[in-house]
Amino acid sequence: MVFSDGKEQELHEMFMEAALVLAREAARHGEVPIGAVVVRDNQIIAEGYNLRETNRDPVAHAEVVALRKAAARLGGWRLTNCDLYVTIEPCPMCAGALIQARIRRVIYGADDPKAGAAGSVVNLFQPGLFNHDVEVIPGVLNVQCGQVMKEFFARRRK
């Protein structure tokens with residue numbers, strides 16, 4: 001991964017660490033460990049983790065939870081000038097929600113080879129595909145993000 005400068009890399013890692021804390025919290029609740037934070041002006045304005053099992057809600061993915069909180073906080077659905085950090089590559093549903101919310105950038109940790117919509121399975125973020133382009137920055141704290149998932153599913157298999 002190439003960063004324009006060390007400060008940008010440091011910020012990406014700091015916000016991904018915050019998403020990792022949320023992912024671990026999700027795991028403690030028996031949820032697939034994915035965490036997300038919405039950042040605007042270098043401050044976290046909303047956060048979320050998977051709540052599908054807890055809420056019995058098929059769309060309660062970490063990204064959607066965080067987007068809803070950010071929209072409520074900002075008083076509107078257009079989240080322009082906001083970035084979303086998420087521990088795992090967004091699925092097609094979440095990619096669509098990020099596009100619709102007008103998120104500026106999505107920064108994710110580990111690839112999702114089974115459901116990733118930022119290039120692993122499909123690329124819904126391909127520039128020019130929809131009415132809004134979202135910049136994608138993959139692989140931030142990739143190893144740590146992938147490890148949280150591996151550990152969670154290893155415990156489940158036992």
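Biologist: Is Leu141 buried or exposed?
Modeller: This is a predicted model, in which local features need pLDDT of at least 70, side-chain atom pairs count only at pLDDT 80 or more, and totals for chains, interfaces and linings use all residues. Residues are numbered from 1 along each chain as its sequence is written, and side-chain values use heavy atoms, with hydrogens and water left out. Under 20% relative accessible area is buried, over 50% is exposed and in between is partly exposed (1.4 Å probe, protein chains only). Leu141 has a relative accessible area of 13%, so the class is buried.

Biologist: What is the phi of Leu141?
Modeller: Most residues other than glycine have a negative phi. Leu141 is not a glycine, yet its phi is positive, near 55°.

Biologist: Where is the place of Leu141?
Modeller: Helices (H or I, at least four residues) and strands (E, at least two) are DSSP runs, numbered from the N terminus. Gly139 lies between β5 (135–137) and α5 (142–157). Leu141 is also placed there, in the loop between β5 and α5.

Biologist: What is the relative accessible area of Gly139?
Modeller: Gly139 lies in the loop between β5 and α5. Gly139 counts as partly exposed because its relative accessible area is 28%.

Biologist: At what angle do α1 and α5 pack?
Modeller: Axes are lines fitted to C-alpha atoms, for helices over the stretch in contact, and angles run from 0 to 180 degrees between N-to-C directions. Under 35 degrees is roughly parallel, over 145 roughly antiparallel, 65 to 115 roughly perpendicular and the rest oblique. For helix α1 (residues 6–28) and α5, the axes are 10 Å apart and the angle is about 5°. The class that follows from this angle is roughly parallel, the value itself being about 5°.

Biologist: Which residues in α5 meet α1?
Modeller: Contact means heavy atoms within 4.5 Å. From α1 come Met16, Leu20, Ala23, Arg24 and Ala27, and they meet, in α5, Gln144, Cys145, Val148, Phe152 and Arg155.

Biologist: How many charged residues has the contact of α1 with α5?
Modeller: Ala, Val, Leu, Ile, Met, Phe, Trp, Tyr, Cys and Pro count as nonpolar, Asp, Glu, Lys and Arg as charged, and the others, Gly among them, as polar. The contact of α1 with α5 has seven nonpolar residues and one polar residue, and the number of charged ones is two.

Biologist: How far apart are the axes of helix α3 and helix α4?
Modeller: α3 (residues 62–74) and α4 (residues 92–100) pack at an angle of about 20°, so the two are roughly parallel. Their axes are apart by 9 Å.

Biologist: Which residues in α4 meet α3?
Modeller: On the α3 side the residues are Glu63, Val64 and Leu67. In α4 they meet Met93, Cys94, Ala97 and Leu98.

Biologist: What do the buried residues of α3 pack against?
Modeller: Among the buried residues of α3 are Val64, Val65, Leu67 and Ala70. The buried residues of α3 pack against β1 (35–40), β2 (43–49), β3 (82–88) and α4.

Biologist: Which residue follows α3?
Modeller: The expected span of a helix is 1.5 Å times one less than its number of residues. The 13 residues of α3 should span 18 Å, and the end C-alpha atoms are 18 Å apart, which agrees. After α3 comes a residue with a positive phi, near 80°, and that residue is Gly75.

Biologist: Which residues is Pro58 in contact with, leaving aside its neighbours within four places in sequence?
Modeller: Pro58 is in the loop between α2 (52–55) and α3. Its relative accessibility is 61%, so Pro58 counts as exposed. Beyond those neighbours, the contacts of Pro58 are Arg52 and Met93.
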